[in-house]
Amino acid sequence: MIPSNFIYKKVNTIDEALSILKSNDDAKLLAGGHSLIPALKLRLSGYDTLVDVSKLEELRKIEEKDGRIVIGAMVTHGQIVDSDLIKEKLSFFSEGADLIGDVQVRNMGTLGGSIAHADPAADWPAMLLAADATVHVQSADGSREVAAEDFFQGLFHTALEDHEMITAVSMPIVPGARSTYVKFMQPASRFAIVGCAAVVAGNGTAQNVRIAFSGVSATPFRDSAVEGALEGKALDASVVSEAAGQAAEGVSVMSDHYASESYRKQMAKVFCGRALAKLV
C-alpha cells in the first residue's frame, strides 16, 4: 500500500530535530523505520512531517561512563550484538539482540526506535527492565531521565511526552552478575510470544534478582513473585522449578492468534525456567 503524503526532513543535529518537534505537533522521528514505515504504508499511522535522525552520529555510541553502560538511541541491534563492551559487561543484551528479526532488521533497526514504539512483543523492554535501565530523553526545553519501569506504560504507550526524543539508555554494571534472555518466538517475525530476561548477582545465593517479561502482557513487567522466590536462596533445581512455576501469576495475560491466554501463561513458566536454568 501507499502511505499518505508527508514532508521529509533529514536533520544534522539533535537541536534541529527537537526544534522541528516543538514547532510541529504532527511530526514524527524516523530512525531505522522498521516499525514506522509499515504502519505508514498500511495507513495505521499518518504524520505531516517525518524527521530523519539517521545522520546523528552522536547517538550511535556505546560507552562506559561512571560505572554504567550507555547506549545511544540510534545504536542498531547489530551493533549491540557485535560490541565487545556489551559482550563483556552486559552479555545478555548481545544475546537478546541477536534474536531480533534477521540480519537486515538488526542492521537497520535501532534501540531507541524499538522502545519508543513499545510493541508488547518487542524484546528490548524485558531486557531493559531486567537491567534496571534508565531512559534518557530530551526536548527543546531540557532533558530528563525515566526509569525503565516507569517508561513502558501500556500497549504501544510510553512515558515519552510530545516533542521529546530518546537520546540514550544507560544501565548500571553489576560485577559478577549472571544474565540471559530467552524467548518463545513467532517463527516468521521472530517477535516474542514470550520473552524472559533474567539477571542474578551473588556468589552462592541469589542477590539483586531481576526477572522481566515481554510478549506476555500488553505492558512489559518485572515479575516480583519469581524474584521473591529466588532472592537470598541457592539456585538449585528445586528452587528454580518452584520460582518459575510462579511466573506471570496475577498478571493480565494477552490472548491472540499466536497463543491463547492459558498457553502463553504456561510458556511464561517454561521459558522462565529455561532462563534460570541457564544461570544455574
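How many residues line the second largest pocket, and which of them lie nearest its centre?

Modeller: The second largest pocket has a lining of 14 residues, and nearest its centre lie Asp119, Ala121, Phe191, Asp256 and Tyr258. Before we go on, keep in mind that this is a predicted model, where local features need pLDDT of at least 70 and side-chain atom pairs count only at pLDDT 80 or more, while totals for chains, interfaces and linings use all residues. Residues are numbered from 1 along each chain as its sequence is written, and side-chain values use heavy atoms, with hydrogens and water left out.

So what counts as a pocket? On a 1 Å grid over the protein atoms alone, a pocket is an open set of points where a 1.4 Å probe fits, with protein on both sides within 12 Å along at least five of seven lines; a lining residue has an atom within 4 Å of a point. Rolling a probe the size of a water molecule over the atoms shows where empty space is left. The second largest pocket comes out at about 250 Å³, where a volume is the space filled by probe spheres set on grid points joined across faces, edges and corners. Its lining splits into 8 nonpolar, 3 polar and 3 charged residues. Here nonpolar covers Ala, Val, Leu, Ile, Met, Phe, Trp, Tyr, Cys and Pro, charged covers Asp, Glu, Lys and Arg, and polar is the others, Gly among them.

Now zoom out to the chain. The protein chain has 12 helices and 14 strands; these are DSSP runs numbered from the N terminus, with helices being H or I of at least four residues and strands E of at least two. Its C-alpha atoms fill a box of roughly 60 × 45 × 30 Å along the principal axes. A compact globule of 280 residues would have a radius of gyration near 19 Å, and the protein chain agrees because it has 19 Å (taken over C-alpha atoms; the globule rule is 2.2 Å times the number of residues to the power 0.38).

How much is tucked away? Of the 280 residues, 50% are buried (buried is under 20% relative accessible area, exposed is over 50%, partly exposed is in between, with a 1.4 Å probe and protein chains only). The chain exposes about 12,700 Å², with carbon and sulfur atoms supplying 49% of it; such areas come from the Shrake-Rupley method with a 1.4 Å probe, and for residues only the protein chains shown count as cover. Among contacts with a separation of 6 or more, 61% are between residues 24 or more positions apart (a contact means heavy atoms within 4.5 Å).

Thr110 sits in the loop between α6 and α7 (111-117), and it counts as buried because its relative accessibility is 4%. Setting aside residues up to four places away in sequence, it touches Ala31, Gly32, Ala73, Met74, Val75, Thr76 and His77. Thr110 and Ile80 are 30 residues apart along the chain, with 9.7 Å between their C-alpha atoms.

Ile100, in the loop between α5 and α6 (103-108), is buried too, at 10% relative accessibility. Its contacts beyond four places in sequence include His77, Trp124 and Arg190. Ser94 belongs to helix α5 (residues 91-97) and is buried at 10% relative accessibility; with neighbours within four places left aside, Ser94 is in contact with Ile80, Val81, Ile86 and Lys87.

Leu29, in strand β2 (residues 27-30), has a relative accessible area of 24%. Leu29 and His163 are 134 residues apart in sequence, yet their C-alpha atoms are 9.8 Å apart. Glu261 is in helix α12 and has 44% relative accessibility; Glu261 and Ser54 are 207 residues apart in sequence and 39 Å apart, C-alpha to C-alpha.

Finally, a backbone pair to look for. Asp66 has a positive phi near 50° despite not being glycine, and Ala248, also a residue other than glycine, has a positive phi near 65°. Asp66, in the loop between β4 (62-65) and β5 (68-72), is exposed at 81% relative accessibility. Ala248, in the loop between α11 (237-244) and α12 (261-279), is buried at 0%.
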